[in-house]
Amino acid sequence: MTDLEPIALPTTSDGWTVWLEERGRGSLRSAADEIAALKTAHPGDTAILQVWNDASVALGNAFAATSLMSSVHPDADLIELAESIEVEARRFSSDLYLDRAVFERLSSVRQDPLDDGARRMLVDALRAFRRSGVELDDDTRGRLRDLNERETELGQAFARNIRDGRREALVPASALDGLPPDFVEAHPADDEGRVRITTEYPDVHPFLTHSRDAEARRAVAMEYFNLAWPENDAVLGDLLRLRDEKARLLGYPNWPDFDAEIKMIGNGAEIEKFIDRIAAESHDAGRRDLAVLETRGAEEGIDRIDLSNWRYCFEAVKREQYGVDAQEVRRYFDFSRVHQGLLDVTGRLFGLTYEPVDVPTWHDEVTSYDVHLEGTRIGRIHLDLHPRDRKYNHAAQFDLVPGVRERQLPEGVLVCNFSRGLMEHHEVVTLFHEFGHLMHHVLAGRHEWVRFSGVATEWDFVEAPSQMLEEWAWDAAVLQHFAIDADGNPIPTELVERMRAADEFGKGFLARTQMLYAAVSYKLHTDVPDDITARLFELYPEYSLVAPLDGTHFHAGFGHLEGYSSAYYTYMWSLVIAKDLFSAFDPDDLFAPEVARRYRDAVLAPGGSKDAADLVADFLGRPYNTEAFSAWLNR
Ligand SMILES: [Zn+2]
């Protein structure tokens with residue numbers, strides 16, 4: 001096996017421009033050359049599949065580089081360049097999948113003699129062409145081309161408005177009462193005795209959770225739930241109408257039916273059924289949780305659990321009734337120890353070693369590692385974990401290079417926004433979650449067909465491996481490896497037990513919130529409303545147990561509406577499967593090597609080379625079911 005080299009990233013700002021031009025536009029030129037060659041290939045020649053794969057590798061490289069750099073690069077000009085190349089890549093892709101000549105050449109290859117992998121790849125490619133409208137008449141294809149172009153612009157605008165739309169509230173310094181000392185220190189008062197709280201995660205989440213000042217919490221919540229308002233209201237409306245038109249042109253009743261066709265769930269009606277089933281299953285538990293929160297809130301004159309106080313009441317219940325004080329817990333989660341601990345834990349679990357490498361990246365705070373499995377370097381990872389200006393402001397895994405057997409080494413990136421000093425436990429859970437995606441990207445990076453590389457399974461399965469890995473961040477034996485306070489004491493088992501008990505609180509309540517998001521994502525796409533805010537306020541009481549605040553516009557900052565469109569249900573769907581997958585592990589010995597390695601090889605390494613339902617069945621020895629999930633929800 002060839003030892004593949006990671007790519008070299010530039011060191012100067014000019015170097016970055018050259019690199020991005022080459023990696024972006026250069027790759028698009030290579031893809032265009034391959035496609036030209038494909039069109040002149042002899043019909044029926046199986047070499048057509050190789051040429052198609054070559055073009056797909058080049059196109060994948062262009063998308064990975066531009067999408068990552070537009071999200072993380074500190075230089076505004078480079079972000080702009082990345083976005084403009086991304087537009088070109090999307091245009092190229094849109095034209096490609098509407099190109100009859102390419103479709104005919106691919107269709108000319110006989111499927112019977114192919115091996116399973118090649119056949120699966122070909123069937124998938126032909127389906128992608130059909131779903132793009134390649135078989136429709138010229139006028140319709142022309143319209144689809146325009147819609148695709150506009151969809152790219154709208155999607156970028158929606159994400160950009162959220163990324164650049166940081167807002168802030170000025171609140172009295174006394175509102176920091178309840179927050180930890182390092183937070184207070186990082187928020188000095190101005191001449192008028194006010195402090196600035198931004199809508200960035202490390203600011204807004206602790207503040208809404210801990211500040212004892214109800215009015216200040218409300219002021220911060222009003223900013224947070226107005227992120228990208230009003231700009232994104234019109235952008236989203238246009239995007240929803242565009243998707244609806246596109247789905248209808250392609251012969252589907254609506255966007256969710258089009259979008260769900262290639263997912264595990266299959267069609268839009270099943271999405272609605274799933275949302276309603278989970279909403280019903282969590283109804284009683286959610287009501288019980290709400291009553292507890294209301295009783296606690298009443299002690300401080302809170303008469304209604306709403307967006308400005310639910311986190312605060314939740315935290316108070318955990319602290320007072322379960323004995324879990326987030327600030328006491330936080331003492332054990334020093335960022336650098338957690339960072340190393342994550343590598344130690346996942347290394348041991350999956351039989352990997354991470355070798356730190358000192359290589360240039362886009363920012364000094366990024367740390368890079370080579371990933372080795374059984375003595376072979378199988379990938380490189382880059383961890384970009386703290387907030388800064390213009391950076392993507394959620395948590396996600398990005399690709400830098402999709403891995404292809406004997407051609408290119410997979411490289412993946414974690415983009416998060418964690419505190420630099422002590423972390424909250426939920427941040428540790430998020431870190432494990434995102435790292436699950438990164439492992440998937442690297443471990444599945446050795447396929448011949450780039451279509452199967454990395455996190456290339458059905459989109460409503462992709463969260464399952466990550467949600468399962470979260471379980472390791474709740475295990476005392478695992479945490480004690482790295483959750484160590486400044487005096488050298490590991491986190492007590494008894495505290496972790498209390499954290500777990502507290503985590504059980506509110507499952508029903510939180511499931512209802514998740515179903516609100518899922519319903520918003522599905523229903524806005526099914527019947528596009530003229531007034532999105534009004535529709536949102538209708539859906540809130542149907543699903544969520546949290547009252548919305550008048551004057552807020554959550555949808556404008558709900559980034560998933562761009563990437564996930566009507567498929568936010570994915571998180572809960574994947575969680576059902578994650579709970580089932582986890583049932584195969586021994587909760588008393590999460591490092592048991594046999595089952596972890598089997599999981600690595602049966603579920604992660606295959607990437608998209610099999611249907612997700614088959615991967616799960618291969619691992620569990622039976623089809624997946626909802627038993628473990630229902631037992632967990634109602635325990
Ligand atoms: Zn995820």
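This is a predicted model: local features need pLDDT of at least 70, side-chain atom pairs count only at pLDDT 80 or more; totals for chains, interfaces and linings use all residues.
Start at the metal. The zinc ion is held by three protein donors: His433 through NE2, His437 through NE2, and Glu463 through OE. The distances run from 2.0 to 2.1 Å. Along the chain, the donors follow the spacing H-x3-H-x25-E. His437 sits in helix H17, residues 425-443, and Glu463 sits in helix H18, residues 463-469. These two are 26 residues apart, and the pair links distant parts of the chain. Water is not among the atoms, so the site may look incomplete.

Are His437 and Glu463 buried or exposed? His437 has a relative accessible area of 7% and is buried. Glu463 is at 4%, so it also counts as buried. The cut-off for buried is under 20%.

Next, turn to helix H10. This helix covers residues 231-249, which makes 19 residues. From its first C-alpha to its last it reaches 28 Å, close to the 27 Å expected at 1.5 Å a residue. The buried residues of H10 are Asn232, Val235, Leu236, Gly237, Leu239, Leu240, Leu242, Arg243, Asp244, Lys246 and Ala247. What covers them? The cover includes helix H6 (138-163), helix H11 (255-260), helix H21 (507-526), helix H22 (532-543) and helix H23 (560-563). Just after H10, Gly251 takes a positive phi of about 95°.

Now the charged pairs. Side chains of opposite charge can pair when their charged atoms come close. How many salt bridges does a search of the whole structure find? The search finds 58.

One of them joins Arg407 and Asp54, at 2.6 Å from N to O. Arg407 lies in the loop between strand E6 (396-401) and strand E7 (411-415), while Asp54 lies in helix H2 (residues 47-72), so the pair ties together parts 353 residues apart in sequence. Arg407 is partly exposed, with a relative accessible area of 43%. Asp54 is partly exposed too, at 23%.

A salt bridge also forms between Asp124 and Arg451, at 2.7 Å from N to O. Asp124 belongs to helix H5 (residues 116-132), and Arg451 to the loop between H17 and H18, so this pair ties together parts 327 residues apart in sequence. Asp124 is buried at 17% relative accessible area. Arg451 is partly exposed at 34%.

The pair of Glu538 and Arg535 is local. Their side chains meet at 2.8 Å, N to O. Why is the separation about one helical turn? Glu538 and Arg535 are three residues apart in helix H22, which means about one turn lies between them. An α-helix has 3.6 residues a turn, so residues three or four places apart point the same way. Glu538 is partly exposed at 47%, and Arg535 is partly exposed at 21%. Elsewhere, salt bridges that share partners join Arg296, Glu299, Glu300, Arg319 and Glu320 into one network.

The largest share, three residues, comes from H8.

Methods
Residues are numbered from 1 along each chain as its sequence is written. Side-chain values use heavy atoms; hydrogens and water are left out. Donors are N, O and S atoms within 2.8 Å of the metal (3.2 Å for Na, K and Ca); water is not among the atoms, so sites may look incomplete. Helices (H or I, at least four residues) and strands (E, at least two) are DSSP runs, numbered from the N terminus. Buried means under 20% relative accessible area, exposed over 50%, partly exposed in between (1.4 Å probe, protein chains only). The expected span of a helix is 1.5 Å times one less than its number of residues. Contact means heavy atoms within 4.5 Å. A salt bridge is a side-chain nitrogen of Lys or Arg within 4 Å of a carboxyl oxygen of Asp or Glu.
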